[in-house]
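Morning, everyone. Let me put the model up, and then we'll walk through a sheet and a core.

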Amino acid sequence: MTINKKISGLLFLAILLFATSVYAQVSNIFQKSEDKSTKAGEEKIDKNSISEEGKAADKSAGYTSAVVAKDSLIFAEDFSAFQSGTIASSFKTNGAATVRMVEGQKGKWLDIGNREIYKFSVPINYPPRFTLSFDIIAKAEEVKDIAPLSFGFASDNSVNHYDSNIGTYVQLHYYDTDQVNIGSSKPEKFVNKIFDLQQWANSPLHIVLSVDGERMAVYLNDVELADEVLFSPTVAKNFYIAAPWRYANDSGVLVSNFKVSGFRNRIK
């Protein structure tokens, strides 16, 4: 009897140890599965958080991101489809929209003649929030050889009349070498800023106009010069470039790399 009791006890102990081992293994499997699910959930939350943050324009350190994820490219023109010396059909003007190569620079460029105005051939239906960006090359030994260049948004898309400051505008005062005027006729607004234009002679100067409803922020080579209310609520927007009224010493201005990007939501 004593031996049978000992055998029974050993069998019971063995069964108990085996059951404990199985439980531990099963528990470990479920725990790993739960950890994976939790990690996947955390990664999903992190990705969503990054996506939401990426929707906002980055204005830290004095610059803005040009195009963010999930926003649409509305218009782009770098003149690569045109032969050098031919006319760019994507722009209309009271002069000539001639495409050129620029020594030492990549790509093709639109040559801006004096006392000429340029607008997109096909008007763009801009959303409430968008950015318009492009590059400017001031070809000159000294930028003071170039009269002021203006660009901005007019209420119509006509090129019948040349004018330097139309509607909402940015004017680069090359002959002052470091003056930039930003303003609007409706509502009346005028802002004068200092920016070293001579530094960008013969090099592309990147322009970004960031529009959010009635406001427009102006960036020159990632430096924010203004963020003001520059549009009336119902005003039409037609982008334009008004050429300098004078070039001296074989100077000139060329533009390229136009991009218009729309955003789903307004910031403000």
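Strand 8 (residues 168-173) pairs with strand 9 (residues 179-184), antiparallel, over six bridges. Strands here are DSSP E runs of at least two residues, numbered from the N terminus; two strands pair if DSSP finds at least two bridges between them. Within that pair, Gln171 sits opposite Asn181 of strand 9.

A word on provenance. This is a predicted model: local features need pLDDT of at least 70, side-chain atom pairs count only at pLDDT 80 or more, and totals for chains, interfaces and linings use all residues. Numbering starts from 1 along each chain as its sequence is written, and side-chain values use heavy atoms, with hydrogens and water left out.

Seven strands make it, open, antiparallel, in the order 2-5-14-7-8-9-10. Strand 2 (91-93) and strand 10 each have a single partner strand, so one side of each lacks a neighbour in the sheet.

Take Lys193, in strand 10 (residues 189-194). Lys193 is partly exposed at 31% relative accessible area; that class lies between buried, under 20%, and exposed, over 50% (1.4 Å probe, protein chains only). Lys193 touches Asp178, Gln179, Val180 and Leu225, leaving aside residues up to four places away in sequence. Contact means heavy atoms within 4.5 Å. From Lys193 to Leu172, C-alpha to C-alpha, is 9.9 Å.

Leu172 takes us to the core. In the largest nonpolar core, 51 residues, Leu172 and Phe239 touch the most other members. Such a core is a set of buried Ala, Val, Leu, Ile, Met, Phe, Trp, Tyr and Cys residues joined through side-chain atoms within 4.5 Å. Strand 6 (residues 129-139) gives the largest share, five residues.

Key:
Helices (H or I, at least four residues) and strands (E, at least two) are DSSP runs, numbered from the N terminus.
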